[in-house]
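Dear colleague,

I am handing over the structure below, followed by notes on what was found in it. Please read the notes with the model open beside them.

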Amino acid sequence: VQLQASGGGFVRTGDSLRLSCAASGRLFDNNAMGWFRQAPGKEREFVAAINRSGGSTIYADSVKGRFTISRDNNENTVYLQMTSLKSEDAAIYYCTAAPNPFDVLKGTGSWGQGTQVTVSS
């Protein structure tokens, strides 16, 4: 599956932003999907994952309650709604696809190009 993330931009602390990841290729709804992020000088870290149907989600503690992952299997797209953004949320955000959420967590799936999120105070 090929993935293309979009929706990044420049926002201020407290703002909201929605990222999208469009998938093509192998059947989208055969894959769990997820988001990771990587800030300058830091390792890539898990943000959120969603199962094939969209009925189950997992979040990193740092974003729980502020970020929401969702998917539209008709549009082959996964979303990351980010609210109450903090300076520490600034990073390049990557989407990933894997057979199940646990493989998403391990970071062993397919990756798309990232989208930059900049948060300024």
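Cys21 and Cys95 form a disulfide, with their sulfur atoms 2.0 Å apart (a disulfide being a pair of cysteine sulfur atoms within 2.5 Å). The pair links distant parts of the chain, since Cys21 lies in strand E3 (residues 17-24) and Cys95 in strand E9 (residues 91-98), 74 residues apart; strands (E, at least two residues) are DSSP runs, numbered from the N terminus. A search of the whole structure finds one disulfide, and because the torsion about the S-S bond of Cys21 and Cys95 is about 50°, this disulfide is right-handed.

Please keep in mind that this is a predicted model, in which local features need pLDDT of at least 70 and side-chain atom pairs count only at pLDDT 80 or more, while totals for chains, interfaces and linings use all residues. Residues are numbered from 1 along each chain as its sequence is written, and side-chain values use heavy atoms, with hydrogens and water left out.

Cys21 is buried, at a relative accessible area of 0%, and Cys95 is likewise buried at 0%, where buried means under 20% relative accessible area (1.4 Å probe, protein chains only).

Arg37, in strand E4 (residues 32-38), is also buried, with a relative accessible area of 5%. The Arg37 side chain makes polar contacts with the side chain of Ser62 at 3.5 Å and with that of Asp89 at 2.9 Å; a polar contact is a pair of N or O atoms within 3.5 Å, and within protein one must be able to donate a hydrogen and the other to accept it, with residues adjacent in sequence counting only if both atoms are side-chain atoms.

Best regards

Technical notes:
Helix = DSSP H or I, 4+ residues; strand = E, 2+ residues; numbered from the N terminus. Buried < 20%, exposed > 50% of the residue type's maximum accessible area, 1.4 Å probe, protein only.
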